[in-house]
There are 2 protein chains.
Amino acid sequence: MSAGEVRAAVSGERLTAAYRLTGSEVQARETALAIAIEQSVEFPRHLLPPGNIADDVVGRLEALERRAHGVWRATLSFAVENTAFELTQLLNALYGNASLFRGVRLERFDLPPSLYARLPGPRFGPEGLRKRLRVGARPLVATALKPMGLDAEALAVRAGQLAASGIDLVKDDHGLTDQPYAPWRERVARAAAAVAEASARAGHTTLYLPNVTAPTDRLLERAHAARALGAGGLLVSPGVAGFDAMRLLAADGELDLPILAHPSLLGSFVLAEDQGFSFEALFGEVMRLSGADAVIFPSYGGRFPLTPSTCRAIADALAAPLGPLRRALPVPAGGMTVERVAEMVSFYGADVVLLIGGDLFADGPDPSARARRLVERVAAWAGEAAGA
Amino acid sequence: MSAGEVRAAVSGERLTAAYRLTGSEVQARETALAIAIEQSVEFPRHLLPPGNIADDVVGRLEALERRAHGVWRATLSFAVENTAFELTQLLNALYGNASLFRGVRLERFDLPPSLYARLPGPRFGPEGLRKRLRVGARPLVATALKPMGLDAEALAVRAGQLAASGIDLVKDDHGLTDQPYAPWRERVARAAAAVAEASARAGHTTLYLPNVTAPTDRLLERAHAARALGAGGLLVSPGVAGFDAMRLLAADGELDLPILAHPSLLGSFVLAEDQGFSFEALFGEVMRLSGADAVIFPSYGGRFPLTPSTCRAIADALAAPLGPLRRALPVPAGGMTVERVAEMVSFYGADVVLLIGGDLFADGPDPSARARRLVERVAAWAGEAAGA
């Protein structure tokens, strides 16, 4: 090592990130090299000190492939040490400043073993969740407590009706936090009790998942209170609370609760095809790295604009290999109906959570009859599948 | 109140949110009414219970104005109670599910007094920051410790050189967290000591702002350690750590440190003109509600694609009235140079922080000479302004 040389201690382990770029090949290469700098040292390349920073810490352009006319895929690698083995810094290193460029979309990334060791992902995954529910290979059914504005008692009555009808997962609507209409602790206590009672009486397991998306200083408090009050899982909106907040809940061995992730605020990260994250990267990779056991997304055919092929890609990404991480269950939602169960199971397969909300109330304020119909349709499907 | 009627207890205080919508007038009205539901009860309107939920809890369409051919502005109001007086739920209520629609952008929002009382915004603002620095009405100058890969000692040497040269704010590069190259505690301790020593010797005040963007369970620990080690402010990337995490730091009376916000990951929220938040809403409103005293954004004329008019709008929004909240200082950055000082001050005015990073090293590894030139240029500007 000559005088003035800087040696950054790198292990040689690197992560790779593939970006979708637009323009001519020359422009794409220029953008890729800009990302290599922007997402690491943020320092003019020619002013870097002698030594290995330029070679090892700065991103390396590993490949630039043409995908379509004017569309390129650049694969870069970065020293794993750049991430400090933190989820927050990993997200920053993957896309922080690049989010401010035009025409740069993070398509996918691959992490080395040392990062997966620090970010173990879903605590339960499909198998763990099924074990908690004591159900085998059939679609799970879920619904949401709503509407906002009801008091805790009215919501608890609905929770009890839904549990009595055999719904597997009863979650809070993601907008229910600590409104005066139904204060958090009272709502969670009453709903958890109603679900436990109805579930015991009916002889099956229904888990209640209160929403613990909360101010940073209340997050752990609410999650632990939820467990103490009888919650069987947690609903979290990582776009609102932060991905790392969700990871922290998943990593909490005392909580030991399955996590259902809601996509609130995340549309802006995925809807523009030349910006943000690919659906697969955000829902399949980031969500699992952040500990989600099941991931809600707006399904085709509902109130939101996703196409069948995008929904297929999300479901596939949630089940695709991702280091040693568990899979997560897809939870298509956003305007689903009891009448569409067969179609949805045929599309998504049996490893799915069918989340049907408002439609259970289509016949009136007591959701029991439609909830039972939903449960029966899934049971019929499972019976046919078993007999086939 | 008739039997079966539900009365949600609302105060009558409402917040308003204005969305940019696209399409025909009929389509825009339909989308606006969908937002009214989606951003509150998420429940079919015709199935809501009798009572006041449909009138008070569901959003009200207050106005629909034509802005251009096929472009509309819908103003909706919501009961303030929907937000539970939490920043997390406020963000969810403003744009959570709407982020998953196409062609819906949050342009601005206005909050009632009860919300501002819970979200007091910047602790310092321009005046408070100037007081800490003991400087009057001149542009402030800032720079970043970089590049990643240097060890803590090398970064501290640079910090000392920059402080000795009269730079007001020396921040960590936003990618520096706890990498093995320069572990967090060692880097912050050494850099803070170097800044304090150089600053005392030179007889002026330089504040060192370490990056405390961190995993959720390390955030407060790092922030308080930073203060104990001599930090004069904090750098936070709310797109990575969460807006509420930044709010929590701003609200912490024991910390009592000015906060500089970095826009990492936030590009996806603002770059598509028909999606996300307007620059004014995100940088001018959300950032201040989340406690930022100064807000970094990529200036025109650097490495990022923002136009002068967008930068003007951001700077104006940071100074615009926002309930009782303090203003925040604009921090144009992203490829600024010493040579552009006069132009930038002429564009942004004296209430600005000029953040110049890599360019201070354009003449070699010791940034002292260029840093002094930067400080002198600002002093000359202030002298002329005082003499004028």
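**Chain A against chain B**

Author: In this predicted model, chain A and chain B bury about 6600 Å² between them, with 61% of it on carbon and sulfur atoms. A:Leu100, A:Tyr181 and A:Leu265 supply 11% of the area chain A buries against chain B, more than any other three residues.

Reader: What makes a residue part of the contact, and how many does each chain give?

Author: Heavy atoms within 4.5 Å of the other chain. By that rule, chain A gives 74 residues and chain B gives 74 residues.

Reader: Why is the pair A:Glu86 and B:Arg222 called a salt bridge?

Author: The cut-off is 4 Å between a side-chain nitrogen of Lys or Arg and a carboxyl oxygen of Asp or Glu. Here the closest N and O atoms are 2.6 Å apart. That is within 4 Å, so the pair qualifies. The count between the two chains is eight salt bridges.

Reader: How many residue pairs are in polar contact across the interface?

Author: The rule finds 38, both residues at pLDDT 80 or more. On the side of chain A that touches chain B, helix 3 of chain A gives the largest share, five residues. By class, that side has 39 nonpolar, 21 polar and 14 charged residues.

Reader: How do you know what kind of axis relates the two copies?

Author: A rotation of 180° with 0.0 Å of shift along its axis superposes chain A on chain B, at RMSD 0.0 Å. The copies are therefore related as by a two-fold rotation axis. In chain A, the C-alpha nearest that axis belongs to A:Gly242, 2.5 Å away.

Definitions and conventions:
Residues are numbered from 1 along each chain as its sequence is written. Chains are lettered from A and ligands numbered from 1 in the order in which they are written. This is a predicted model: local features need pLDDT of at least 70, side-chain atom pairs count only at pLDDT 80 or more; totals for chains, interfaces and linings use all residues. Side-chain values use heavy atoms; hydrogens and water are left out. Buried area is the accessible area (1.4 Å probe) that two parts lose on being put together, summed over both. A polar contact is a pair of N or O atoms within 3.5 Å; within protein, one must be able to donate a hydrogen and the other to accept it, and residues adjacent in sequence count only if both atoms are side-chain atoms. Helices (H or I, at least four residues) and strands (E, at least two) are DSSP runs, numbered from the N terminus. Ala, Val, Leu, Ile, Met, Phe, Trp, Tyr, Cys and Pro count as nonpolar, Asp, Glu, Lys and Arg as charged, and the others, Gly among them, as polar. Copies are superposed by least squares on the C-alpha atoms of residues with pLDDT of at least 70 in both.
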